[in-house]
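Good morning, and thank you for joining. I would ask you to look at the sequence and the structure on the screen while I go through several sites and helices in turn.

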Amino acid sequence: MSILDLTNITQQFGEKILYENVHLQLNPGEHVGLIGQNGAGKSTLIKIITGEILPDEGQIQWQKNAQIGYLDQYVAVNENLTIRGFLQTAFSTDFEKEQEIIKLYEEYAATLAEPLLEKAGKLQTQLDQGDFYQIDTLINEMSTGLGLDVLGMDSKLEKLSGGQRSKVILAKLLLEKPDVFILDEPTNHLDDEHIAWLTAFLQEFSGAFLVVSHDHAFLEQITTHIADIEFGKLTKYTGNLKQALQQKEQNRESYLKKYYSQQKQIEKTEAYIRKYKAGTRSTIAKSRQKQLDKVERLTPPNNTATPIYDFPYAPIVTTLALETTKLEIGYEKVLLAPIDLGIRFGEKVAIRGFNGIGKSTLLKTLIYEIPSLGGNFHFPENTITNYFSQDLVWKNPFETPLQYLSDLYPAASIKELRRHLSKAGLPNQLAQEPLSTLSGGEQTKVKLCQMTMKKSNFLMLDEPTNHIDQETKLSLQKSLARFDGTVIIVSHEQEFYQNITDRVIEISL
(Lines give C-alpha, C1' and ligand atoms only; values in the text may rest on other atoms or scores of the structure.)
Protein backbone atom coordinates (compact mmCIF):
# COMPACT_ATOMS: atom_id res chain seq x y z
CA MET A 1 0.00 0.00 0.00
CA SER A 2 1.34 3.43 -0.94
CA ILE A 3 2.14 6.08 1.69
CA LEU A 4 1.05 8.97 -0.53
CA ASP A 5 -1.21 9.22 -3.58
CA LEU A 6 -1.65 12.35 -5.68
CA THR A 7 -4.55 12.04 -8.12
CA ASN A 8 -5.46 14.44 -10.94
CA ILE A 9 -3.63 17.40 -9.39
CA THR A 10 -4.06 20.57 -11.46
CA GLN A 11 -2.55 23.92 -10.48
CA GLN A 12 -2.60 27.27 -12.24
CA PHE A 13 -1.28 30.72 -11.31
CA GLY A 14 -2.83 33.46 -13.42
CA GLU A 15 -2.50 32.34 -17.01
CA LYS A 16 0.37 29.98 -16.23
CA ILE A 17 -0.60 26.31 -15.90
CA LEU A 18 1.99 24.56 -13.74
CA TYR A 19 0.54 21.08 -14.28
CA GLU A 20 -2.62 19.29 -15.31
CA ASN A 21 -3.96 15.97 -13.99
CA VAL A 22 -0.71 15.08 -12.25
CA HIS A 23 -0.42 11.66 -10.59
CA LEU A 24 2.27 10.58 -8.12
CA GLN A 25 2.55 7.56 -5.86
CA LEU A 26 5.10 7.35 -3.04
CA ASN A 27 5.59 3.81 -1.77
CA PRO A 28 7.25 2.56 1.45
CA GLY A 29 11.05 2.70 1.24
CA GLU A 30 11.15 4.77 -1.98
CA HIS A 31 13.68 7.59 -2.10
CA VAL A 32 12.33 10.02 -4.68
CA GLY A 33 14.02 13.13 -6.07
CA LEU A 34 11.72 15.81 -7.48
CA ILE A 35 13.29 17.73 -10.38
CA GLY A 36 12.29 20.27 -13.03
CA GLN A 37 13.33 23.63 -14.39
CA ASN A 38 13.01 26.77 -12.26
CA GLY A 39 9.36 27.76 -12.15
CA ALA A 40 8.10 24.27 -13.09
CA GLY A 41 6.24 24.06 -9.77
CA LYS A 42 8.39 21.83 -7.55
CA SER A 43 8.05 23.89 -4.37
CA THR A 44 4.36 24.46 -5.13
CA LEU A 45 3.83 20.69 -5.34
CA ILE A 46 5.57 20.30 -1.97
CA LYS A 47 3.19 22.89 -0.50
CA ILE A 48 0.22 21.00 -1.95
CA ILE A 49 1.50 17.71 -0.51
CA THR A 50 2.00 19.23 2.95
CA GLY A 51 -1.39 20.97 2.89
CA GLU A 52 0.07 24.49 2.89
CA ILE A 53 -1.96 25.31 -0.22
CA LEU A 54 -4.94 23.61 -1.86
CA PRO A 55 -4.73 22.48 -5.49
CA ASP A 56 -7.18 23.86 -8.03
CA GLU A 57 -8.26 20.28 -8.70
CA GLY A 58 -7.35 16.78 -7.53
CA GLN A 59 -6.86 14.80 -4.34
CA ILE A 60 -4.04 14.15 -1.87
CA GLN A 61 -4.35 10.90 0.08
CA TRP A 62 -1.94 9.97 2.90
CA GLN A 63 -1.75 6.52 4.42
CA LYS A 64 -3.68 6.46 7.67
CA ASN A 65 -1.52 7.28 10.73
CA ALA A 66 1.55 7.99 8.56
CA GLN A 67 4.07 10.19 10.39
CA ILE A 68 5.25 12.95 8.06
CA GLY A 69 8.35 15.06 8.60
CA TYR A 70 8.48 18.28 6.55
CA LEU A 71 11.57 20.48 6.38
CA ASP A 72 10.05 23.93 6.83
CA GLN A 73 12.94 26.38 7.16
CA TYR A 74 10.56 29.18 8.16
CA VAL A 75 8.74 27.37 10.94
CA ALA A 76 8.24 29.39 14.13
CA VAL A 77 10.54 28.28 16.95
CA ASN A 78 11.03 29.23 20.59
CA GLU A 79 14.08 31.45 20.22
CA ASN A 80 14.86 31.24 23.93
CA LEU A 81 15.70 27.54 23.58
CA THR A 82 19.29 26.43 23.22
CA ILE A 83 20.33 24.23 20.31
CA ARG A 84 20.40 21.21 22.62
CA GLY A 85 17.05 22.11 24.17
CA PHE A 86 15.44 22.48 20.74
CA LEU A 87 16.81 19.13 19.55
CA GLN A 88 15.47 17.45 22.69
CA THR A 89 11.95 18.47 21.61
CA ALA A 90 12.27 15.82 18.89
CA PHE A 91 11.75 13.31 21.73
CA SER A 92 8.89 15.17 23.41
CA THR A 93 6.62 12.10 23.29
CA ASP A 94 9.19 10.02 25.20
CA PHE A 95 9.65 12.75 27.83
CA GLU A 96 5.88 12.88 28.25
CA LYS A 97 5.85 9.10 28.81
CA GLU A 98 8.56 9.49 31.47
CA GLN A 99 6.47 12.11 33.30
CA GLU A 100 3.40 9.89 33.01
CA ILE A 101 5.33 6.97 34.59
CA ILE A 102 6.40 9.19 37.51
CA LYS A 103 2.81 10.32 37.97
CA LEU A 104 1.50 6.73 37.88
CA TYR A 105 3.97 5.62 40.55
CA GLU A 106 2.96 8.56 42.74
CA GLU A 107 -0.71 7.58 42.36
CA TYR A 108 0.13 3.94 43.10
CA ALA A 109 1.92 4.93 46.29
CA ALA A 110 -1.25 6.66 47.43
CA THR A 111 -3.80 4.07 46.24
CA LEU A 112 -1.93 0.75 45.80
CA ALA A 113 -4.08 0.20 42.67
CA GLU A 114 -2.44 -2.58 40.61
CA PRO A 115 -3.69 -1.32 37.18
CA LEU A 116 -1.52 1.76 37.70
CA LEU A 117 1.59 -0.42 37.98
CA GLU A 118 0.57 -2.37 34.91
CA LYS A 119 0.14 0.83 32.87
CA ALA A 120 3.46 2.23 34.11
CA GLY A 121 5.16 -1.07 33.17
CA LYS A 122 3.86 -0.88 29.59
CA LEU A 123 5.08 2.69 29.21
CA GLN A 124 8.46 1.74 30.68
CA THR A 125 8.79 -1.12 28.17
CA GLN A 126 8.13 1.34 25.35
CA LEU A 127 10.92 3.59 26.63
CA ASP A 128 13.28 0.65 27.07
CA GLN A 129 12.68 -0.57 23.52
CA GLY A 130 12.97 2.90 21.97
CA ASP A 131 15.70 5.54 21.87
CA PHE A 132 14.92 7.25 25.17
CA TYR A 133 18.10 6.21 26.96
CA GLN A 134 20.22 7.09 23.93
CA ILE A 135 18.87 10.61 23.43
CA ASP A 136 22.08 12.39 24.43
CA THR A 137 24.16 10.12 22.20
CA LEU A 138 21.82 10.56 19.23
CA ILE A 139 21.79 14.35 19.64
CA ASN A 140 25.59 14.46 19.88
CA GLU A 141 25.99 12.30 16.74
CA MET A 142 23.51 14.43 14.80
CA SER A 143 25.14 17.66 15.97
CA THR A 144 28.57 16.47 14.91
CA GLY A 145 27.29 15.18 11.57
CA LEU A 146 25.63 18.48 10.62
CA GLY A 147 28.26 20.72 12.24
CA LEU A 148 26.07 22.11 15.01
CA ASP A 149 28.54 21.27 17.77
CA VAL A 150 30.94 24.02 16.63
CA LEU A 151 28.18 26.60 17.17
CA GLY A 152 27.98 25.67 20.84
CA MET A 153 25.14 23.42 21.95
CA ASP A 154 24.17 25.95 24.64
CA SER A 155 23.80 28.76 22.10
CA LYS A 156 20.27 30.17 21.93
CA LEU A 157 18.36 29.99 18.66
CA GLU A 158 17.91 33.78 18.67
CA LYS A 159 21.68 34.16 18.20
CA LEU A 160 21.84 31.97 15.08
CA SER A 161 21.94 33.10 11.46
CA GLY A 162 19.22 31.98 9.04
CA GLY A 163 21.47 29.26 7.62
CA GLN A 164 22.47 27.98 11.06
CA ARG A 165 18.85 27.89 12.20
CA SER A 166 17.91 25.91 9.07
CA LYS A 167 20.50 23.28 9.99
CA VAL A 168 19.12 23.00 13.53
CA ILE A 169 15.58 22.54 12.16
CA LEU A 170 16.87 19.85 9.78
CA ALA A 171 18.66 18.08 12.65
CA LYS A 172 15.46 17.99 14.75
CA LEU A 173 13.50 16.60 11.80
CA LEU A 174 16.03 13.81 11.23
CA LEU A 175 16.01 12.93 14.94
CA GLU A 176 12.22 12.51 14.86
CA LYS A 177 12.52 9.62 12.34
CA PRO A 178 9.05 9.91 10.76
CA ASP A 179 7.73 7.42 8.21
CA VAL A 180 8.38 9.85 5.39
CA PHE A 181 10.52 12.95 4.91
CA ILE A 182 9.48 15.87 2.69
CA LEU A 183 12.67 17.88 2.08
CA ASP A 184 12.90 21.08 0.02
CA GLU A 185 16.53 21.95 -0.79
CA PRO A 186 18.03 20.35 2.37
CA THR A 187 21.65 21.00 1.30
CA ASN A 188 21.31 24.78 0.84
CA HIS A 189 23.08 25.63 4.08
CA LEU A 190 25.42 22.66 4.33
CA ASP A 191 29.07 22.42 3.31
CA ASP A 192 30.68 19.45 1.57
CA GLU A 193 31.45 17.48 4.74
CA HIS A 194 27.94 17.80 6.13
CA ILE A 195 26.31 17.05 2.77
CA ALA A 196 28.33 13.81 2.74
CA TRP A 197 27.02 12.99 6.23
CA LEU A 198 23.40 13.76 5.21
CA THR A 199 23.87 11.65 2.08
CA ALA A 200 24.91 8.64 4.16
CA PHE A 201 22.01 9.21 6.57
CA LEU A 202 19.41 9.30 3.78
CA GLN A 203 20.94 6.31 2.01
CA GLU A 204 20.43 4.26 5.17
CA PHE A 205 16.99 5.67 5.99
CA SER A 206 14.49 2.79 5.87
CA GLY A 207 11.47 5.03 5.37
CA ALA A 208 10.41 6.95 2.26
CA PHE A 209 11.28 10.47 1.26
CA LEU A 210 10.56 13.07 -1.40
CA VAL A 211 13.35 15.60 -1.84
CA VAL A 212 13.68 18.69 -4.03
CA SER A 213 17.29 19.56 -4.83
CA HIS A 214 19.26 21.24 -7.60
CA ASP A 215 22.42 19.49 -6.39
CA HIS A 216 22.71 16.71 -8.97
CA ALA A 217 25.64 15.00 -7.24
CA PHE A 218 23.55 14.76 -4.04
CA LEU A 219 20.47 13.41 -5.85
CA GLU A 220 22.55 10.88 -7.76
CA GLN A 221 23.62 9.24 -4.51
CA ILE A 222 20.39 9.21 -2.50
CA THR A 223 17.56 8.38 -4.93
CA THR A 224 15.87 5.19 -6.05
CA HIS A 225 13.33 7.10 -8.20
CA ILE A 226 13.10 10.48 -9.91
CA ALA A 227 9.87 12.47 -10.38
CA ASP A 228 10.27 15.04 -13.15
CA ILE A 229 7.95 17.95 -13.93
CA GLU A 230 7.96 18.97 -17.58
CA PHE A 231 5.35 19.98 -20.16
CA GLY A 232 2.84 20.41 -17.32
CA LYS A 233 3.07 16.69 -16.50
CA LEU A 234 4.87 14.65 -13.87
CA THR A 235 6.77 11.51 -14.87
CA LYS A 236 8.21 9.10 -12.32
CA TYR A 237 11.32 7.17 -13.35
CA THR A 238 12.87 4.16 -11.65
CA GLY A 239 16.60 4.46 -10.97
CA ASN A 240 19.01 7.18 -9.94
CA LEU A 241 19.31 10.61 -11.52
CA LYS A 242 21.66 9.60 -14.33
CA GLN A 243 19.37 6.75 -15.39
CA ALA A 244 16.30 8.97 -15.10
CA LEU A 245 17.78 11.72 -17.27
CA GLN A 246 18.59 9.17 -19.97
CA GLN A 247 14.98 7.92 -19.92
CA LYS A 248 13.73 11.50 -19.83
CA GLU A 249 15.67 12.48 -22.95
CA GLN A 250 14.19 9.55 -24.86
CA ASN A 251 10.68 10.45 -23.65
CA ARG A 252 11.25 14.11 -24.46
CA GLU A 253 12.18 13.37 -28.08
CA SER A 254 9.11 11.16 -28.45
CA TYR A 255 6.86 13.81 -26.88
CA LEU A 256 8.19 16.60 -29.09
CA LYS A 257 7.56 14.49 -32.21
CA LYS A 258 3.97 13.92 -31.08
CA TYR A 259 3.51 17.60 -30.20
CA TYR A 260 4.78 18.97 -33.52
CA SER A 261 2.83 16.30 -35.44
CA GLN A 262 -0.32 17.31 -33.58
CA GLN A 263 0.35 21.03 -34.21
CA LYS A 264 0.80 20.35 -37.93
CA GLN A 265 -2.51 18.46 -38.05
CA ILE A 266 -4.30 21.20 -36.09
CA GLU A 267 -2.99 23.90 -38.42
CA LYS A 268 -4.06 21.87 -41.46
CA THR A 269 -7.57 21.35 -40.02
CA GLU A 270 -7.93 25.01 -39.02
CA ALA A 271 -6.90 26.10 -42.54
CA TYR A 272 -9.58 23.81 -44.01
CA ILE A 273 -12.22 25.22 -41.64
CA ARG A 274 -11.33 28.83 -42.49
CA LYS A 275 -11.48 28.10 -46.21
CA TYR A 276 -14.79 26.22 -46.33
CA LYS A 277 -16.81 27.36 -43.28
CA ALA A 278 -19.03 29.60 -45.45
CA GLY A 279 -19.01 27.63 -48.71
CA THR A 280 -20.56 24.46 -50.10
CA ARG A 281 -18.47 22.35 -47.74
CA SER A 282 -19.58 24.21 -44.59
CA THR A 283 -21.19 21.07 -43.14
CA ILE A 284 -17.86 19.20 -43.38
CA ALA A 285 -16.06 22.25 -41.96
CA LYS A 286 -18.42 22.34 -38.95
CA SER A 287 -17.91 18.61 -38.40
CA ARG A 288 -14.15 19.06 -38.41
CA GLN A 289 -14.48 21.96 -35.97
CA LYS A 290 -16.35 19.68 -33.55
CA GLN A 291 -13.64 17.04 -33.92
CA LEU A 292 -10.97 19.67 -33.34
CA ASP A 293 -12.71 20.92 -30.18
CA LYS A 294 -12.53 17.41 -28.73
CA VAL A 295 -8.78 17.03 -29.33
CA GLU A 296 -6.77 16.84 -26.10
CA ARG A 297 -4.01 19.25 -26.98
CA LEU A 298 -0.52 18.47 -25.83
CA THR A 299 1.18 21.06 -23.62
CA PRO A 300 3.65 23.14 -25.65
CA PRO A 301 7.32 22.75 -24.73
CA ASN A 302 8.92 25.36 -22.52
CA ASN A 303 10.32 27.88 -24.96
CA THR A 304 12.21 29.89 -22.35
CA ALA A 305 15.65 30.54 -23.77
CA THR A 306 18.74 29.42 -21.87
CA PRO A 307 19.74 32.27 -19.53
CA ILE A 308 22.81 34.28 -20.49
CA TYR A 309 24.62 36.34 -17.88
CA ASP A 310 27.06 38.93 -19.19
CA PHE A 311 28.73 40.74 -16.33
CA PRO A 312 29.99 44.03 -17.81
CA TYR A 313 33.65 44.72 -17.07
CA ALA A 314 35.03 48.04 -15.82
CA PRO A 315 38.73 48.26 -16.86
CA ILE A 316 41.34 48.56 -14.11
CA VAL A 317 45.15 48.43 -14.08
CA THR A 318 46.53 46.54 -11.09
CA THR A 319 48.30 43.32 -10.16
CA LEU A 320 46.78 42.77 -6.72
CA ALA A 321 42.98 42.79 -6.42
CA LEU A 322 42.65 42.39 -2.64
CA GLU A 323 44.93 42.29 0.38
CA THR A 324 43.91 41.71 4.00
CA THR A 325 46.18 42.19 6.99
CA LYS A 326 45.23 40.54 10.29
CA LEU A 327 41.58 41.10 9.36
CA GLU A 328 39.16 40.14 12.11
CA ILE A 329 35.52 39.51 11.19
CA GLY A 330 32.34 38.90 13.14
CA TYR A 331 29.41 40.68 14.72
CA GLU A 332 29.62 40.97 18.50
CA LYS A 333 32.69 38.73 18.74
CA VAL A 334 35.48 37.65 16.42
CA LEU A 335 34.64 34.47 14.50
CA LEU A 336 38.07 33.50 13.18
CA ALA A 337 41.76 33.95 13.69
CA PRO A 338 43.13 37.08 11.94
CA ILE A 339 42.99 36.68 8.15
CA ASP A 340 46.00 37.45 5.95
CA LEU A 341 44.95 37.05 2.35
CA GLY A 342 46.18 38.17 -1.03
CA ILE A 343 44.24 37.72 -4.28
CA ARG A 344 45.80 38.61 -7.63
CA PHE A 345 43.84 40.59 -10.18
CA GLY A 346 41.93 38.33 -12.58
CA GLU A 347 42.15 35.37 -10.22
CA LYS A 348 39.05 33.26 -9.67
CA VAL A 349 38.90 31.89 -6.14
CA ALA A 350 36.51 29.58 -4.29
CA ILE A 351 36.13 29.91 -0.53
CA ARG A 352 35.23 26.80 1.44
CA GLY A 353 34.59 26.02 5.08
CA PHE A 354 31.84 24.55 7.22
CA ASN A 355 28.55 26.42 7.42
CA GLY A 356 28.54 29.17 10.02
CA ILE A 357 32.30 29.59 10.16
CA GLY A 358 32.16 33.06 8.63
CA LYS A 359 32.34 32.83 4.81
CA SER A 360 29.32 35.09 4.28
CA THR A 361 30.52 37.37 7.07
CA LEU A 362 33.85 37.78 5.28
CA LEU A 363 32.15 38.86 2.04
CA LYS A 364 29.82 41.25 3.88
CA THR A 365 32.86 42.78 5.57
CA LEU A 366 34.65 43.21 2.24
CA ILE A 367 31.66 45.07 0.73
CA TYR A 368 31.41 47.27 3.88
CA GLU A 369 27.99 45.90 4.83
CA ILE A 370 29.33 45.14 8.32
CA PRO A 371 32.41 46.68 9.96
CA SER A 372 35.58 44.72 10.58
CA LEU A 373 36.47 44.05 14.21
CA GLY A 374 40.21 44.46 13.72
CA GLY A 375 42.99 44.63 11.14
CA ASN A 376 42.35 46.03 7.70
CA PHE A 377 41.80 45.21 4.03
CA HIS A 378 42.68 47.08 0.87
CA PHE A 379 41.35 47.26 -2.69
CA PRO A 380 43.30 49.13 -5.37
CA GLU A 381 41.93 52.41 -6.68
CA ASN A 382 39.08 52.11 -9.23
CA THR A 383 37.93 48.75 -7.85
CA ILE A 384 34.20 48.29 -8.36
CA THR A 385 32.68 45.29 -6.57
CA ASN A 386 29.49 43.48 -7.59
CA TYR A 387 27.95 41.30 -4.88
CA PHE A 388 25.43 38.44 -4.88
CA SER A 389 23.81 37.66 -1.52
CA GLN A 390 22.37 34.20 -0.90
CA ASP A 391 19.43 35.62 1.09
CA LEU A 392 16.19 35.92 -0.89
CA VAL A 393 14.92 38.85 1.16
CA TRP A 394 13.26 41.80 -0.54
CA LYS A 395 12.54 45.24 0.88
CA ASN A 396 9.19 45.17 -0.92
CA PRO A 397 8.26 41.58 -1.84
CA PHE A 398 5.12 42.81 -3.64
CA GLU A 399 7.17 44.64 -6.25
CA THR A 400 7.60 43.02 -9.64
CA PRO A 401 11.10 42.38 -11.05
CA LEU A 402 10.47 45.27 -13.45
CA GLN A 403 9.61 47.65 -10.61
CA TYR A 404 12.52 46.42 -8.49
CA LEU A 405 15.12 47.01 -11.24
CA SER A 406 13.49 50.28 -12.26
CA ASP A 407 13.98 51.60 -8.72
CA LEU A 408 17.65 50.60 -8.83
CA TYR A 409 18.28 51.88 -12.35
CA PRO A 410 15.81 54.77 -12.94
CA ALA A 411 17.65 55.87 -16.08
CA ALA A 412 17.02 52.53 -17.82
CA SER A 413 13.99 52.28 -20.11
CA ILE A 414 11.31 49.63 -19.55
CA LYS A 415 12.33 48.08 -22.86
CA GLU A 416 15.94 47.80 -21.68
CA LEU A 417 14.88 46.28 -18.34
CA ARG A 418 12.67 43.72 -20.09
CA ARG A 419 15.57 42.77 -22.35
CA HIS A 420 17.89 42.22 -19.38
CA LEU A 421 15.28 40.15 -17.53
CA SER A 422 14.50 38.06 -20.59
CA LYS A 423 18.19 37.39 -21.14
CA ALA A 424 18.44 36.29 -17.48
CA GLY A 425 15.69 33.72 -18.04
CA LEU A 426 12.66 35.75 -16.91
CA PRO A 427 10.21 36.33 -19.79
CA ASN A 428 7.73 39.18 -19.79
CA GLN A 429 5.04 37.29 -17.86
CA LEU A 430 7.36 36.57 -14.91
CA ALA A 431 8.80 40.10 -15.07
CA GLN A 432 5.36 41.39 -14.06
CA GLU A 433 4.67 38.93 -11.22
CA PRO A 434 5.30 39.96 -7.57
CA LEU A 435 8.73 38.87 -6.34
CA SER A 436 7.11 36.94 -3.48
CA THR A 437 5.23 34.67 -5.91
CA LEU A 438 8.32 33.68 -7.89
CA SER A 439 10.13 30.42 -7.18
CA GLY A 440 13.50 30.52 -5.42
CA GLY A 441 15.24 29.94 -8.74
CA GLU A 442 13.33 32.77 -10.42
CA GLN A 443 14.15 35.15 -7.58
CA THR A 444 17.81 34.19 -7.91
CA LYS A 445 17.63 35.05 -11.62
CA VAL A 446 16.35 38.54 -10.71
CA LYS A 447 19.39 39.06 -8.48
CA LEU A 448 21.76 37.76 -11.15
CA CYS A 449 20.06 40.04 -13.68
CA GLN A 450 20.68 42.96 -11.33
CA MET A 451 24.39 42.12 -11.38
CA THR A 452 24.47 42.17 -15.19
CA MET A 453 23.38 45.82 -15.15
CA LYS A 454 26.41 47.06 -13.21
CA LYS A 455 29.92 47.50 -14.56
CA SER A 456 32.49 46.03 -12.18
CA ASN A 457 35.89 44.38 -11.98
CA PHE A 458 35.42 42.29 -8.83
CA LEU A 459 32.55 39.80 -8.51
CA MET A 460 31.67 38.32 -5.10
CA LEU A 461 29.03 35.59 -5.08
CA ASP A 462 27.68 33.94 -1.92
CA GLU A 463 26.10 30.54 -2.71
CA PRO A 464 24.68 31.58 -6.11
CA THR A 465 23.58 28.02 -7.04
CA ASN A 466 21.27 27.34 -4.09
CA HIS A 467 18.00 27.54 -6.03
CA ILE A 468 18.85 27.41 -9.72
CA ASP A 469 18.40 24.51 -12.12
CA GLN A 470 21.22 22.73 -13.93
CA GLU A 471 20.80 24.67 -17.17
CA THR A 472 21.12 28.00 -15.33
CA LYS A 473 24.12 26.73 -13.35
CA LEU A 474 25.97 25.84 -16.54
CA SER A 475 25.21 29.25 -18.04
CA LEU A 476 26.39 31.06 -14.89
CA GLN A 477 29.51 28.89 -14.83
CA LYS A 478 30.41 29.95 -18.39
CA SER A 479 29.70 33.61 -17.61
CA LEU A 480 32.04 33.63 -14.60
CA ALA A 481 34.74 31.81 -16.57
CA ARG A 482 34.80 34.49 -19.28
CA PHE A 483 34.65 37.49 -16.91
CA ASP A 484 37.88 39.49 -17.22
CA GLY A 485 38.00 40.67 -13.63
CA THR A 486 38.49 38.99 -10.25
CA VAL A 487 35.93 36.53 -8.82
CA ILE A 488 35.33 35.15 -5.32
CA ILE A 489 32.77 32.34 -5.08
CA VAL A 490 31.44 30.95 -1.82
CA SER A 491 29.81 27.63 -2.69
CA HIS A 492 29.25 24.17 -1.25
CA GLU A 493 29.00 22.72 -4.78
CA GLN A 494 32.46 21.64 -5.80
CA GLU A 495 31.06 20.47 -9.14
CA PHE A 496 30.09 24.09 -9.89
CA TYR A 497 33.35 25.88 -9.12
CA GLN A 498 36.12 23.33 -9.60
CA ASN A 499 36.59 23.88 -13.35
CA ILE A 500 36.50 27.68 -13.30
CA THR A 501 38.58 28.60 -10.24
CA ASP A 502 42.34 28.99 -9.98
CA ARG A 503 42.49 27.94 -6.34
CA VAL A 504 40.39 27.06 -3.31
CA ILE A 505 40.83 28.88 0.00
CA GLU A 506 39.83 26.76 3.00
CA ILE A 507 38.63 28.71 6.04
CA SER A 508 38.93 26.97 9.39
CA LEU A 509 38.92 27.91 13.07
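Threonine 361, leaving out residues up to four places away in sequence, touches Ile329, Gly330, Tyr331, Leu335 and Ile370. This is a predicted model, and the residue in question belongs to helix H11, residues 359-366. Is threonine 361 buried or exposed? Its relative accessible area is 8%, and the limit for buried is under 20%, so threonine 361 counts as buried.

Of the 509 residues, 48% are buried. Taking contacts between residues at least 6 apart in sequence, 72% join residues at least 24 apart.

I turn next to helix H5. It covers residues 135-146, twelve in number, and spans 16 Å from its first C-alpha to its last, close to the 16 Å expected at 1.5 Å a residue. Which residues of H5 are buried? They are Ile135, Leu138, Ile139, Met142, Ser143, Gly145 and Leu146. Viewed down the axis of H5, these buried residues fall within an arc of 165 degrees, and therefore they line one face of the helix. As background, an α-helix has 3.6 residues a turn, so residues three or four places apart point the same way.

What covers the buried residues of H5? The cover includes helix H2 (83-88), helix H3 (92-111), helix H6 (162-176) and helix H7 (192-204). With H7, the axis of H5 comes within 7 Å, and the two axes cross at roughly 130 degrees. H5 and H7 are therefore oblique to each other. In this pair, Glu141, Met142, Thr144, Gly145 and Leu146 of H5 meet His194, Trp197 and Phe201 of H7. After H5 comes glycine 147, with a positive phi near 75 degrees.

The loop between H5 and H6 holds leucine 157. At 1% relative accessibility, leucine 157 counts as buried. Its contacts, leaving aside neighbours within four places in sequence, are Val77, Asn78, Glu79, Leu81, Thr82, Ile83, Phe86, Arg165 and Val168. The C-alpha atoms of leucine 157 and glycine 85 are separated by 9.7 Å, while the two residues are 72 residues apart along the chain.

I close with helix H9, residues 241-276. H9 has 36 residues and reaches 51 Å from its first C-alpha to its last, close to the 52 Å expected at 1.5 Å a residue. Its buried residues include Leu241, Tyr255, Leu256, Tyr259, Ile266, Tyr272 and Ile273, and Lys248 and Gln262 are buried as well. The buried residues of H9 pack against strands S3 (31-36), S8 (225-230) and S9 (233-238), and against helices H8 (216-222) and H10 (282-294).

Definitions and conventions: Residues are numbered from 1 along each chain as its sequence is written. This is a predicted model: local features need pLDDT of at least 70, side-chain atom pairs count only at pLDDT 80 or more; totals for chains, interfaces and linings use all residues. Side-chain values use heavy atoms; hydrogens and water are left out. Helices (H or I, at least four residues) and strands (E, at least two) are DSSP runs, numbered from the N terminus. The expected span of a helix is 1.5 Å times one less than its number of residues. Buried means under 20% relative accessible area, exposed over 50%, partly exposed in between (1.4 Å probe, protein chains only). The arc is that of the directions from the helix axis to the C-beta atoms. Contact means heavy atoms within 4.5 Å. Axes are lines fitted to C-alpha atoms, for helices over the stretch in contact, and angles run from 0 to 180 degrees between N-to-C directions. Angles under 35 degrees count as roughly parallel, over 145 as roughly antiparallel, 65 to 115 as roughly perpendicular and the rest as oblique.
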